[in-house]
Amino acid sequence: MPSPNPLTRTTPLIHLPLIVLATLFALPLLWLLLTALQPREQVGKIPPEWLPRQAFIRIAGETVPVTPPLPVGSDKLVVVPNTGPKRGKHLLVDPADFHDGQVKPAQPSRRLRVDRNQLPSRARAVGSRTLRDRQRVVLVEIQQPRSARILRRARARSAAK
Amino acid sequence: MNSRARANRRNGLLFCLPWLIGLTVFLIYPLCAAFYYSLCDYSVLLPPVFIGFDNYLDLAQDPLFWQSLYNTAYFATGSVLLGLLVSLSLALLLNSKVKGLGLYRTVFFLPSLMPVVAGSILWMVMYNGQSGLINSGLRAIGISGPAWLADPTWAKPAIVIMAVWGAGNAMVIYLAGLQDVPSSLYEAAIIDGAGFFQRLVHVTLPMISPVIYFNVVLSIISGFQAFTQAFIMTGSTGAPERSTLFYVLNLYNVGFQDLRMGYASAMAWVLFIIILLLTFAATKLSQRFVTYDR
């Protein structure tokens with residue numbers, strides 16, 4: 001039985017204003033949620049990006065997320081120190097800054113910095129070697145980003161190994 | 001019997017005591033103290049010096065006072081009217097058996113659950129002239145948007161729009177009012193040949209007029225007390241060009257930055273009187289429009 005209250009009887013047309021308004025009301029929250037999942041360099045890009053993307057590099061089958069200041073296509077070294085405060089961390093270094101098994105920036109400004117307007121990038125390992133003290137050094141090439149979903153899958157795969 | 005009645009009264013008073021103490025210590029005493037300080041030159045660091053009504057006389061000469069009063073009146077008017085329009089329209093749209101009703105109601109109500117500080121920061125980022133979501137959206141449809149919070153003419157409308165985003169609270173109250181309207185009235189109206197707009201104007205609106213009155217008074221009060229949005233989004237100076245220097249923000253600056261507590265207390269009392277008068281006016285006006293007939 002249809003409702004006796006004619007104001008509660010509806011035509012499908014009522015969806016039109018409702019959908020428009022609901023979109024306007026929900027967009028800020030959706031944007032907030034998606035931005036919260038984005039890596040730092042993706043936030044505040046012009047034009048804005050919705051889906052979170054994490055740049056990463058691959059080292060010997062292992063996936064490592066990076067926050068790159070890097071122009072796409074340039075070569076970088078990945079250094080994994082086994083002593084000091086950065087022990088076990090993957091550092092992305094300019095090859096020119098790596099001497100004698102240690103990261104020594106030639107100029108302070110050449111250290112890794114976050115450039116927000118640079119594309120988040122993915123890098124491909126093009127060669128690797130292990131130094132004394134089992135410090136790992138990999139030469140990588142920076143490539144275009146992939147979505148975080150792909151990254152998660154890759155991470156799960158490398159964890160399963 | 002007599003002693004029993006006395007014991008009853010004593011017990012009753014004891015039960016009321018926590019509330020009575022709260023009322024006196026946290027409401028009546030501060031109100032009176034604020035009024036006394038409003039008659040003093042008081043910098044917190046030194047004892048108050050009585051100066052009569054000088055603070056109130058100075059207020060009338062203070063351009064910042066008038067600017068902040070104008071800003072607040074602008075915001076309150078905008079947010080009350082737009083908020084009324086949006087929340088009432090939403091409630092009318094949702095007072096039906098449309099599919100996905102629960103989803104719609106949730107979506108419209110959700111923003112009002114967001115804390116003001118979090119919401120302010122979210123909108124601050126979205127209002128950014130270059131990288132903000134809003135201007136990016138406008139650019140996508142070919143409009144170059146203003147700098148919003150950095151533009152003196154658009155900063156206040158921007159804060160009003162943000163306030164309308166939180167209209168879900170009022171919407172829920174309207175919805176409750178709408179569902180209380182007896183359907184027999186609509187049946188009678190239909191038999192009399194009333195169309196949709198006639199039913200809206202002659203049945204729905206009069207029947208929910210107490211709810212409208214309630215919501216309008218509440219939003220006038222909260223509109224005049226607006227502080228957090230401006231404090232978070234544009235800083236305590238009310239930038240740009242003092243266009244978002246709301247009354248309470250100005251009061252806060254005077255009291256806690258300039259340490260002129262006497263002057264700030266006078267401002268607080270003036271605001272109290274303004275809100276009191278507006279509420280009184282709304283009540284007077286409501287006697288002509290609000291019906292409690294059932």
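How much area is buried between chain B and chain A, and what share of it do carbon and sulfur atoms give? The answer is about 2700 Å², with carbon and sulfur atoms giving 80% of that. Keep in mind that this is a predicted model.

**Where the chains meet**

- Chain B brings 33 residues to the contact, and chain A brings 25.
- On the chain B side, the residues that lose the most area to chain A are Leu93(B), Tyr104(B) and Leu133(B), which together make up 20% of what that side buries.
- If you go looking for salt bridges across the interface of chain B and chain A, the rule finds zero.
- Polar contacts do turn up there: two residue pairs, both at pLDDT 80 or more.
- Quite a list of chain B helices give two or more residues to the side that touches chain A: α3 (63-94), α4 (101-109), α5 (116-126), α6 (133-140), α7 (155-165), α9 (183-191) and α10 (196-207).
- Sort the residues on that side of chain B by type and you get 21 nonpolar, seven polar and five charged.

**The nonpolar core**

- In soluble globular proteins, nonpolar side chains tend to be buried together.
- Here, the largest nonpolar core has 73 residues.
- The residues with the most contacts inside this core come from both chains: Leu18(A), plus Leu94(B), Phe108(B), Trp123(B) and Tyr247(B).
- The element that gives the most to this core is α3(B), with 11 residues.
- Take a look at Trp123(B): setting aside residues up to four places away in sequence, it touches Pro28(A) in the other chain, along with Ile134(B), Ile161(B), Met162(B), Trp165(B) and Met233(B).

- You'll find Asn215(B) in helix α11 (residues 209-224) of chain B.
- Asn215(B) counts as buried because its relative accessibility is 7%, under the 20% cut-off.
- Beyond its neighbours within four places in sequence, Asn215(B) is in contact with Ala170(B), Ile173(B) and Tyr174(B).
- Asn215(B) and Met171(B) sit 44 residues apart in sequence, and their C-alpha atoms are 9.5 Å apart in space.
- Ser236(B), on the other hand, is in a loop, the one between α12 (228-233) and α13 (247-257) of chain B.
- Ser236(B) has 19% relative accessibility, so it counts as buried too.
- Not counting residues up to four places away in sequence, Ser236(B) touches Phe231(B), Leu245(B), Leu249(B), Asn253(B) and Gln257(B).

Terms used
Residues numbered from 1 in each chain as written. Chains lettered and ligands numbered in written order. Predicted model: local features only at pLDDT ≥ 70, side-chain atom pairs only at ≥ 80, totals over all residues. Heavy atoms only, no water. Contact = heavy atoms within 4.5 Å. Buried area = accessible area lost by both parts, 1.4 Å probe. Salt bridge = Lys/Arg side-chain N within 4 Å of Asp/Glu carboxyl O. Polar contact = N/O pair within 3.5 Å; in protein donor to acceptor, adjacent residues only side chain to side chain. Helix = DSSP H or I, 4+ residues; strand = E, 2+ residues; numbered from the N terminus. Nonpolar A, V, L, I, M, F, W, Y, C, P; charged D, E, K, R; others polar. Buried < 20%, exposed > 50% of the residue type's maximum accessible area, 1.4 Å probe, protein only. Core = buried A, V, L, I, M, F, W, Y, C linked by side-chain atoms within 4.5 Å.
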